Amino acid sequence: MSKRISLLGSTGSIGRQTLDVIDACGMEVAAITANSSVDVLEEQARRYGPELAVLMDEKAAADLKVRLADTSVKVLAGMDGLMEAAALPSADTVLTAVVGMVGLRPTMAAIREGKRIALANKETLVCGGELVMEEAHDFGAEILPVDSEHSAIFQCLQSGAHDEIEEILLTASGGPFRDLTAEQITDVTVDQALAHPNWSMGKKITIDSATMINKGLEIIEACWLFQVPIEKIHVLVQPDSVIHSMVQFQDGAVIAQMGTPDMKLPIQYAMFYPKRAFLGGERLKFEQLKSIHFAKPNPALRGIELASEAFRRGGSMTTVMNAANEYAVAKFLNREIFFTDIYRWIEYAMDHHSVIQNPSLEEILKTEQETYTLLEKDRNIIK
Ligand code: NDP
Ligand code: MG
C-alpha cells in the first residue's frame with residue numbers, strides 16, 4: 001500500500017529532503033505546512049497536489065489561498081491548521097520537521113489519531129517527553145526518530161533487548177568550535193557559528209550544534225525515545241561523522257551504525273521501518289578511510305551541561321531550558337547578543353523557575369510563555 005504523508009515543515013532543510021525521498025519512493029503527500037514561506041509552499045502545493053496546505057502566518061496563508069484558488073488544495077492558517085494537517089484522516093504518517101517547540105501540539109494531535117510519527121522535531125520531546133511518550137503508548141502511535149543519531153541508535157537496538165543495553169554512545173561532530181577555549185568562544189560571530197563542518201541544516205539547529213545545545217537536546221530526546229536513564233548516555237565527539245551513534249550491550253559488544261552523512265537515510269528508515277528501501281548515493285569506502293577520530297566534548301561549550309542539568313531537575317525545567325535557548329538563539333542570529341550570552345540566558349531562566357513535576361500540556365505552554373516574558377523583561381539585567 002502506498003504511504004500518505006503529512007509533512008509539517010515542508011519548506012525547511014528536513015522538509016525538502018523528505019520530498020526528495022517521497023519523489024524517489026513514490027509516496028503521496030496529504031498535507032504540507034510552513035511558517036511564512038509562501039512562494040515555496042505554493043510551488044510544492046502545485047507539484048504534489050496535497051489535500052491541505054497550511055501557513056502558520058495568517059497573512060501569508062491568506063495570500064496562498066488566493067494564489068491556489070485555481071486548485072483543489074485547501075488552505076488553512078495558524079496552529080489550528082497545523083493541528084488539522086497533523087490529524088488528517090487520509091494520512092498514515094506524519095513527518096514533523098518544524099523547528100522549535102511549536103511542534104508539540106501538532107505532534108500530540110497526530111498521536112491522538114494513532115498515526116506513525118517520524119520525528120525530526122526534537123524540541124517536542126525535550127519539552128513534552130513524558131506526556132508524548134505516555135500518550136503515544138495509550139493511543140498506539142509509533143514514534144520513529146529522524147534525528148540521525150537517534151535513528152542510528154534505533155537501528156543498533158535491533159541487535160539486543162532493552163534490558164541488555166549497557167550504554168548508548170551518542171556521537172557528535174563537535175561543531176565549528178570544538179577546539180576553541182572558553183576565552184576564544186566569547187567573540188565568535190554569527191557567520192562562524194553558521195559554518196557547520198559536516199551538515200547543511202536550518203539556522204537554529206546549526207547554532208545549537210555550535211553551542212552543543214543540540215547534543216544536550218539529543219541526550220534528553222534519547223532518554224525519552226529509548227526509555228533509558230541519562231547516566232547510560234555518553235557523548236562521544238567523532239568529527240568525521242562516519243559513525244552516527246553506537247550501542248554497547250552488557251556482553252561488551254558494541255554495535256555501530258555507519259554511513260556517509262545523508263539525512264535521507266534516517267528519513268526513509270522512519271517511513272518504511274521495519275523494511276529498508278533503496279537509497280542511491282555515495283557509499284562508505286573503508287579502504288580509503290584511513291582513520292576515525294574520537295574526542296571528548298569540549299566543556300567550554302556548555303550545551304550538554306545545561307541541558308543535562310535541566311533534565312535532572314526534571315518536569316517543566318526542560319521547557320525553560322529549551323524556550324530560553326530558542327529565544328536566545330533568535331537574538332544571537334539577529335546579532336543582538338553574543339554567542340556565550342546564549343548560555344547565560346538559559347542559566348538565568350533556569351535559576352528563576354520553580355519546577356512543576358509531570359507538567360500538563362497547558363503547563364508546558366504556560367512555562368514557555370513565562371520564560372519568554374522573563375527574558376524580555378530582564379534582558380538588560382542579564383546583559
Ligand atoms: P529549517 O529551519 O530548515 O525548517 C523549519 C521548517 O519549519 C520550515 O518549513 C519553516 O517554515 C517551519 N517553521 C518555522 N517556524 C515555524 C513556526 N513558528 N510555525 C510553524 N512552522 C514553522 O529547520 P530544519 O529542517 O533544519 O530542522 C527542523 C527540525 O528537525 C528541528 O527541530 C531540528 O532540530 C530537527 N533536525 C534537523 C536536522 C537537519 O539536518 N536539518 C537533523 C536532525 C534534526 P518557513 O520556511 O516558512 O520558515
Ligand atoms: Mg542529530
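Biologist: What stands opposite Val254 in E11?

Modeller: That would be Gln248. Before we go on: this is a predicted model, where local features need pLDDT of at least 70 and side-chain atom pairs count only at pLDDT 80 or more, while totals for chains, interfaces and linings use all residues. Residues are numbered from 1 along each chain as written, chains are lettered from A and ligands numbered from 1 in written order, and side-chain values use heavy atoms, without hydrogens and water.

Biologist: Fine. How many bridges join E10 to E11?

Modeller: Five, and the two strands run antiparallel. (Strands are DSSP runs of E with at least two residues, helices runs of H or I with at least four, numbered from the N terminus.) E10 and E11 form a hairpin with four residues between them, and Gly252 in that turn has a positive phi of about 90°.

Biologist: Is E10 buried or exposed?

Modeller: Seven of the seven residues of E10, 243-249, are buried, so the strand is largely enclosed by the rest of the structure. Buried here is under 20% relative accessible area, with a 1.4 Å probe and protein chains only.

Biologist: What is the strand order of the sheet?

Modeller: E9-E8-E10-E11, an open sheet with mixed pairing; two strands pair if DSSP finds at least two bridges between them. E9 and E11 are the edge strands, each pairing on one side only. On average, neighbouring strands are turned by 20° against each other, direction ignored.

Biologist: And how does E8 run against E9?

Modeller: Parallel, with five bridges; Ala172, for instance, has Val237 in E9 as its bridge partner. Towards E10, E8 runs antiparallel with four bridges, and Ile165 is partnered by Phe249.

Biologist: Which helix lies across E8, E10 and E11?

Modeller: H7, residues 148-156, at about 35° to E10. Helix H10, residues 213-226, packs on the sheet too, touching E8 and E9, and its direction makes about 150° with that of E8. Contact is heavy atoms within 4.5 Å, and angles run from 0 to 180 degrees between N-to-C directions of lines fitted to C-alpha atoms, for helices over the stretch in contact.

Biologist: Switching topic: what coordinates the magnesium ion, ligand 2?

Modeller: Asp147 (OD), Glu149 (OE) and Glu218 (OE), at 2.1 to 2.2 Å. Their spacing in sequence is D-x1-E-x68-E. Glu149 lies in H7 and Glu218 in H10, so the pair ties together parts that are 69 residues apart in sequence. Donors are N, O and S atoms within 2.8 Å of the metal (3.2 Å for Na, K and Ca), and water is not among the atoms, so sites may look incomplete.

Biologist: Are those two glutamates buried or exposed?

Modeller: Glu149 and Glu218 are both buried.

Definitions and conventions: Buried means under 20% relative accessible area, exposed over 50%, partly exposed in between (1.4 Å probe, protein chains only).
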